[in-house]
Amino acid sequence: MSQSPTLLLLLLLIAGCQKSEHISLAPAQSPFEVFPKKFQQNILVEHTAAEWTNVSVQAAAQLTQYQLAYPSRIHTVALHKDDWLATPYTDYFIQNHGGSTHTPAAAFNRQPGILTANGENGLSLLSPANWLQAIQQQPLHSPIAIALQSQITGKHQAALTVYIAARDTFDSSLRLIIYIIKNKVNSLFQIGATSQYTHLNVLDSVHPSAEGDTIQINDAIIQNKIYQKHYPQLILPTQDLSNLSIVAAVYRQHPFDFRQHRVLNSQKVQLGANKYWD
């Protein structure tokens, strides 16, 4: 029995529609769960600053220029010393990185100076004359990559998940430190600046402690797996939360020799936002 072309076309359309009902799409994978292809070496700049010296104003402008020259790679944290923005962490940091006789001074991934001016070879905290060279000496690639997922959970609280992807394993324990920093803080007594001067990337607090958390990236963690560390309750300062950012850094700390300290990588995110792999 013959069938009309119209009937055959209708049957084919019905069969096609029935087949499409059985197609299922896999759920989209979170970007945090995708092992990164790029392991960019970022540069953590932990620098001292103070309102009682005009050199801090010049140094801040210098760092801003470097950030423009190396976009997305430089993360600065201003550790104020002996002024109203100072925290106890500043003295702790200076003491644990060989000391410093001048302000401002800066550590670049906590790497000791090489071929420096002013006789600063082997020092972690370098004077501004050595800053550009210290940046240029940093490698382009890191053994680890960091991504950050942050959320404001209350008026003065936030949650943070740190994702760490490693291309290598590490025999010794590493440490993870979290900086809460505030931006565009109006100065009160800054020497060498106008009354409209604002401080950038000022350290507010350190989590979970001055030494950070111990993390293990060793044979127990298979390569191409992503390590996670969750902080469900970060206490925030009582101020405009839109001015806050988070800087996370993974570093190796030597128990006896500050010259063996080394930041493996760092990452920065605006509070309440996400920062995926570089």
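What percentage of the 278 residues of the protein chain count as buried? The share is 45%. The model is predicted. Its protein chain contains four helices and 14 strands, and seven salt bridges occur in the structure.

**Chain as a whole**

- The protein chain has an accessible surface of about 14,400 Å², and carbon and sulfur atoms make up 55% of that surface.
- Among contacts in the protein chain with a separation of 6 or more, 73% are between residues 24 or more positions apart.

**An open sheet**

- An open sheet is built from four strands in the order E11-E5-E4-E14, with antiparallel pairing.
- The edges are taken by strand E11 (226-235) and strand E14 (274-275); each has a single partner strand, so one side of each has no neighbour in the sheet.
- Strand E4 covers residues 144-154, and two bridges join E4 to E14 in the antiparallel sense.
- In this part of the sheet, Gln149 is placed opposite Asn274 of E14.

**Salt bridge between Lys182 and Asp204**

- The side chains of Lys182 and Asp204 form a salt bridge, with an N to O distance of 3.3 Å.
- Lys182 belongs to strand E6 (residues 174-182) and Asp204 to strand E9 (residues 202-207), so this pair ties together parts that are 22 residues apart in sequence.
- Lys182 has 14% relative accessibility and counts as buried, whereas Asp204, at 21%, counts as partly exposed.

**Salt bridge between Asp213 and Lys229**

- A salt bridge also links the side chains of Asp213 and Lys229, at 3.9 Å from N to O.
- Because Asp213 lies in strand E10 (residues 213-215) and Lys229 in strand E11, the pair ties together parts that are 16 residues apart in sequence.
- Asp213 counts as buried because its relative accessibility, 19%, is under the 20% cut-off.
- Lys229 counts as partly exposed, with a relative accessibility of 25%.

- Asp82 has 54% relative accessibility, which is over the 50% cut-off, so Asp82 counts as exposed.

Key: Residues numbered from 1 in each chain as written. Predicted model: local features only at pLDDT ≥ 70, side-chain atom pairs only at ≥ 80, totals over all residues. Heavy atoms only, no water. Buried < 20%, exposed > 50% of the residue type's maximum accessible area, 1.4 Å probe, protein only. Contact = heavy atoms within 4.5 Å. Areas by Shrake-Rupley, 256 points an atom, 1.4 Å probe, with all protein chains shown as cover. Pairing = 2+ DSSP bridges. Salt bridge = Lys/Arg side-chain N within 4 Å of Asp/Glu carboxyl O.
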